[in-house]
Amino acid sequence: GGRMKEGEGLRQRRLQQSRVVADESRDVDTKHVSAYSGKVFRITLTTLVVTLVVPLLTAALLLQSPINPQPFSYKEPPLLVGPLEANDKLRQAECLWEGQLYGPESIAHLGDVIFTGTADGQIVKISDGNIHSVARIGKLPCGMREDEPTCGRPLGLRVGPNGTLFVADAYYGLFEVNPVTGEVKMLVSAQEVIQGKRMAFVNDLSITQNGRKIYFTDSSSKWQRRDHKYLVIEGTADGRLMEYDTVTKQVEVLMDDLRFANGVQLSPAEDYVLVSETTLARIRRYHISGLRKGGQDIFFDNLPGLPDNIRPSSSGGYWVGMATLRQNPGFSVMDFLAPRPWLKNLIFKLFSQEMAMKFVPTYGLVLELNEDGSVRRSFHDPHGVVVSAVSEASEHGGYLYLGSYSSPALCRLDLNQL
């Protein structure tokens, strides 16, 4: 019995030795691998530092930032629940005249005729399904960024009580246009100095039912429309709401220091005017008659995105086109950047406005607000598959016409199908 045990002991000892040897050689292998991967890691890191950090630092130190951002902050964006809950109703929109008109920013209706202003500086009318040019406020050439100030860019568009068109051209000012003859009459020139400032970015307008007064916005006296992304990111507070009296020809400033004054809409009773303050994701209200005349307050604070034009809805409330979404849950670029001017400076030292916008997800969103400022309903197109960056939602004859400053078509939603 003793010999058997001895033999087993030897065998076990041999097994243990060979195991130790194998372990050691495995250690050597691992050392090689880890030394190698360490080297790779160091090289990768060095390369990253050299290719990313060095240019970043150089940019940070040497390049001029095109903007001078002011820190501000938002409240946490509202959750997309209840009447704000995401859906894909905007995807039911039909897009018409694809490729025949570009950037229909604002839409007006006269009977069955549709009017809109396009990116090539024209005011066009669509009747019987055909597009006709009505007028051009600026002059050719058009199409390039550097042409825009002379080409002009018709934005807000309304039909007045006598059937003429009223147009806010971003570069030229406020105009009345005869839709039949195409005759253009200047009401307020953007070159006019109003309370010490010229208008760099005339945006939207709303007209009283009797046609006497026109309420309009100048988004900024510093940034032009072609630099509207700088205006948002910088947080410039030089937007204004103004009142033009068609009889006395006088302009009065009602509100100043707005961060991107945008869409304008008179209330149905004409006792107040709503103004989108785009950068701050809210809608301001200015009282023009009654006990609160001259007073102002916030009609809707903390919208789920950045508001553009406001138009009346048949329910007695308002349609608000939303340029972008502030995601919640999720990551909102706008909210993240707002309190970090240094980061904004860095981004715009390195990227053009167009490149920087690639970081903002595309999304289609229209809100219908009740007259008391609560949300009635919302139409969405997540990822902007059919409709994105809605500049205006204009209701007419059971349809919601969707403006967009970058769309190559005019889309409309059948409200009776929803």
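A search of the whole structure, which is a predicted model, finds 10 aromatic pairs. One of them brings together Tyr272 and Phe299, whose ring centres are 6.3 Å apart and whose planes meet at 35°, so the pair is tilted. Tyr272 is buried at 5% relative accessibility, and Phe299 is buried at 8%.

Trp319 and Phe379 also form a tilted aromatic pair, with 5.8 Å from centre to centre and 35° between the planes. Because Trp319 lies in strand β19 (residues 318-325) and Phe379 in strand β21 (residues 375-382), this pair ties together parts that are 60 residues apart in sequence. Trp319 has a relative accessibility of 1% and counts as buried; Phe379, at 2%, counts as buried too.

The two pairs are set out below.

| Aromatic pair | Centre to centre | Angle between planes |
|---|---|---|
| Tyr272 and Phe299 | 6.3 Å | 35° |
| Trp319 and Phe379 | 5.8 Å | 35° |

Aromatic residues also occur in a cluster, formed by Trp223, Tyr230 and Phe348. Phe348 is among the buried residues of helix α5, which also include Pro341, Leu343, Lys344, Leu346, Ile347 and Lys349. Seven of the 10 residues of this helix (residues 341-350) are buried, so α5 is largely enclosed by the rest of the structure.

The charged end of Arg326 sits over the ring of Tyr74, at 4.6 Å from its centre. Likewise, the charged end of Arg340 sits over the ring of Phe336, at 4.1 Å from its centre.

Turning to covalent links, the structure holds two disulfides. One joins Cys95 to Cys411, with an S to S distance of 2.1 Å, and is right-handed, with 100° about the S-S bond. Cys95 is partly exposed, at 29% relative accessibility, whereas Cys411 is buried, with a relative accessible area of 5%.

The other disulfide is formed by Cys142 and Cys151, whose sulfur atoms are 2.1 Å apart. The torsion about its S-S bond is about 100°, so this link is right-handed. Cys151 counts as buried, at 1% relative accessibility. When the bonded cysteines are numbered in sequence order, the pairing reads 1-4, 2-3.

Technical notes. Residues numbered from 1 in each chain as written. Predicted model: local features only at pLDDT ≥ 70, side-chain atom pairs only at ≥ 80, totals over all residues. Heavy atoms only, no water. Buried < 20%, exposed > 50% of the residue type's maximum accessible area, 1.4 Å probe, protein only. Helix = DSSP H or I, 4+ residues; strand = E, 2+ residues; numbered from the N terminus. Disulfide = S-S within 2.5 Å. Phe/Tyr/Trp six-rings, centres within 6.5 Å; stacked < 30°, edge-to-face > 60°. Lys NZ or Arg CZ within 6 Å of the ring centre and 35° of its normal.
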